[in-house]
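Keep the structure open as you read.

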Amino acid sequence: MAAEISIREDVYGEINGEPITRFTLRNTNSMEISLINYGAHLTAVKVPDRHGQLEDVVLGYDALRGYMDDSQSIGCTVGRVAGRIANGRMTIDGKEYKLPSNPDGNHLHGGPNGFGKRVWTASTNQREGTVTFAYASRDGEVGYPGDLVCSVAYTLTNENAIRLEYRAMTTKACPVNLTNHSYFNLAGHAAGADALFEHVVSIAASSYTPLGADWIPTGEVAPVAGTLYDLRVAKRLGDVIPKLSASNGFDGNFCVGGPDGQVRPVAKVVHPASGRVMVTHSNAPGLVFYTSNMLPTTKGKHDAIYGKHAALCLETQLYPDSVNHSNFPDSVLRPGQVYSQSTVYTFSTE
């Protein structure tokens, strides 16, 4: 039998007298990840470089207060709906719902009190190397219809992979689109924009969803060929980001899904100097690639200063604003159905 993943628990803080628990998982290769049940956050990912030197490659904070005050969804589980909903409005079965909007007039990442700001219950499975977080969202919470029960299970493997399994069920028709919003920099969380620009990225998508006003998809599914969004052949970010002057970097959805809905490789990120490689697999039809273009100057872990282009996000999900585009993959979950999405981040060196 394969060696078990170790799981260590400690109190990370408290909210209204309720303790928040940190779970630290470690595999036989000394790779280590940390999770907290506030927002089902992924707070640390320590992986070796080609010389065996461990480095934490996700942005985060030293203390719970940082995650409570954070406005950039750093490391959290986003829901009920990741991405933007135009004008904070959606119509389901003829009924219109109004959701809280951000200053640009759109609903973003489940709203200011979305899943990333909630306390989840947690359970562990030592044999499987899994921590499962569960949350029950009440009918009308943040304007969404239906009682929704959801979970995300994080599993660390001895193959240096982090597997995420999302599940949800609802009592009323409601859009559901869950994702993880970790910010990765394979040179290390504190390495900054100069190091990010040295990352080489490829995304297995021949089409994408162009954005119109206020970062809302136009509804078009367009070929990436001939655009800066053509990452089918790996490109160094420093060669591409400066050319994306309108958006200051990548912030768009790539259509990575196949007809069978199977888990498949959708993106590869390489940091040549350290040799670290991260491959993302998923069965989600979309992948939002974001290069922290709007990340404000922020004090992070171990006094690191984060800012614009400090890291990248690979958000596996349905297309943004799917609920308002009939030609996009259907995001509405109905009673009796089970929402299911799988994502795997696998780390190696070359």
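A salt bridge is a side-chain nitrogen of Lys or Arg within 4 Å of a carboxyl oxygen of Asp or Glu. E96 and R89 make one through their side chains, at 3.1 Å from N to O. This is a predicted model: local features need pLDDT of at least 70, side-chain atom pairs count only at pLDDT 80 or more, and totals for chains, interfaces and linings use all residues. Residues are numbered from 1 along each chain as its sequence is written, and side-chain values use heavy atoms, with hydrogens and water left out.

How exposed are the two partners? Buried means under 20% relative accessible area, exposed means over 50%, and partly exposed lies in between (1.4 Å probe, protein chains only). E96 is partly exposed, at 48% relative accessibility. R89 is partly exposed too, at 37%.

The whole structure holds 18 salt bridges. Another of them joins the side chains of R22 and D10, at 2.8 Å from N to O. R22 sits in strand 2 (residues 18–26) and D10 in strand 1 (residues 6–15), so this pair ties together parts that are 12 residues apart in sequence. Strands (E, at least two residues) are DSSP runs, numbered from the N terminus. R22 has a relative accessible area of 27%, so R22 is partly exposed. D10, at 28%, is partly exposed as well.

Now find R118 and E141. They form a salt bridge whose closest N and O atoms are 3.9 Å apart. R118 lies in the loop between strand 10 and strand 11 (121–125), while E141 lies in the loop between strand 12 (130–137) and strand 13 (148–156), so the pair ties together parts that are 23 residues apart in sequence. E141 counts as buried because its value is 13%. Salt bridges also link R26, E32 and K46 in a network.

Next, go to strand 10 (residues 107–108), where H107 is found. H107 counts as buried because its relative accessibility is 0%. Setting aside neighbours within four places in sequence, H107 is in contact with residues including R84, I85, L99, V142 and Y144.

T280 belongs to strand 23 (residues 276–282). T280 is buried because its relative accessibility is 0%. Beyond neighbours within four places in sequence, its contacts include V266, L314, T316 and V344.

On a 1 Å grid over the protein atoms alone, a cavity is a set of points where a 1.4 Å probe fits but cannot get out, and lining residues have an atom within 4 Å of a point. Grid points are joined across faces, edges and corners, and a volume is the space filled by probe spheres set on the points. There is 1 cavity of 30 Å³ or more. The largest cavity holds about 40 Å³. Its lining includes V81, I85, P175, Y319 and D321. By class, that lining has 6 nonpolar, 3 polar and 1 charged residues. Here Ala, Val, Leu, Ile, Met, Phe, Trp, Tyr, Cys and Pro count as nonpolar, Asp, Glu, Lys and Arg as charged, and the others, Gly among them, as polar.

Key: On a 1 Å grid over the protein atoms alone, a cavity is a set of points where a 1.4 Å probe fits but cannot get out, and a pocket is an open set with protein on both sides within 12 Å along at least five of seven lines; lining residues have an atom within 4 Å of a point. Helices (H or I, at least four residues) and strands (E, at least two) are DSSP runs, numbered from the N terminus. Contact means heavy atoms within 4.5 Å.
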